[in-house]
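The following questions and answers look at how the elements of one chain are arranged and how they meet. Each answer is worked through step by step before the value or name is given.

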Amino acid sequence: YLSGVGVARQRKAIVDGLRDSISHFSEQVHGSTAKDVIDLLLLTQYFDMLKDVGNQPGTSTFFLPNKKTPASAVRDGLLQASAGTKYVNIK
C-alpha cells in the first residue's frame, strides 16, 4: 500500500511540474501553445531514447517510413545521417 502511495505522489509531482513548465514556457514564448511545448517535450524524449538505445552494445537502428510531412522528412534525414556516420569514416 505505502509503495503505491509513494509512486502515485511521485507521478503527481511529475505532472504538476510539467504543467508548471508548460504554463511558464507558453507565457514566456509569445505565440506558443501548450501543444507546441508538449510536441517539443515528446521530440526531446524521442531523441533521448534513440541516444540511449544507440549507446547500448549490439544494437542497430532501423528507420521505418511513415506519412511524410516537411518536419518529419527533415527529422528522418538528420537521424539517418547521424546513424550512418558511425559506419563511414568522414574526414
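Axes here are lines fitted to C-alpha atoms, for helices over the stretch in contact, and the angles between N-to-C directions run from 0 to 180 degrees. The model discussed below is a predicted one.

Q: What percentage of the residues in the chain is buried?
A: A residue is called buried when its relative accessible area is under 20%. The chain has 91 residues and an accessible surface of about 7,800 Å², of which carbon and sulfur atoms account for 63%. Among the 91 residues, the buried ones make up 7%.

Q: Which word describes how H1 lies to H2, given their packing angle?
A: Helix H1, residues 2–28, packs against helix H2, residues 34–54, with the two axes 9 Å apart and at an angle of about 120°. Angles of 65 to 115 degrees count as roughly perpendicular and those over 145 as roughly antiparallel, so that an angle falling between these ranges belongs to the remaining class. The relation of H1 to H2 is therefore oblique.

Q: Is the crossing in which H1 passes H2 left-handed or right-handed?
A: The two helices concerned are H1 and H2, whose axes lie 9 Å apart. As H1 passes H2, the crossing is right-handed.

Q: With which residues is Ser 26 in contact, leaving aside its neighbours within four places in sequence?
A: Ser 26 has its place in helix H1 and is partly exposed, with a relative accessible area of 23%. Its C-alpha atom is 8.6 Å from that of Asp 36, a residue 10 places away in sequence. With contact meaning heavy atoms within 4.5 Å, and with neighbours within four places left aside, the partners of Ser 26 are Ser 32, Thr 33, Ala 34 and Val 37.

Q: Which residues does Ala 34 contact, leaving aside its neighbours within four places in sequence?
A: Ala 34 belongs to helix H2, and its relative accessible area of 38% makes it partly exposed. Between the C-alpha atoms of Ala 34 and Arg 19, 15 residues apart in sequence, there are 9.2 Å. Leaving aside neighbours within four places, Ala 34 is in contact with Ile 22 and Ser 26.

Q: What distance separates the C-alpha atoms of Ile 38 and Ile 22?
A: Ile 38 lies in helix H2 and is partly exposed at a relative accessible area of 38%. Leu 18 of helix H1, partly exposed at 34%, is 20 residues from Ile 38 along the chain, with 9.1 Å between their C-alpha atoms. For Ile 38 and Ile 22, which are 16 residues apart along the chain, the C-alpha separation is 7.6 Å.

Terms used. Residues numbered from 1 in each chain as written. Predicted model: local features only at pLDDT ≥ 70, side-chain atom pairs only at ≥ 80, totals over all residues. Heavy atoms only, no water. Helix = DSSP H or I, 4+ residues; strand = E, 2+ residues; numbered from the N terminus. Parallel < 35°, antiparallel > 145°, perpendicular 65-115°, else oblique. Left-handed = near helix turned anticlockwise from the far one by under 90°. Buried < 20%, exposed > 50% of the residue type's maximum accessible area, 1.4 Å probe, protein only. Areas by Shrake-Rupley, 256 points an atom, 1.4 Å probe, with all protein chains shown as cover.
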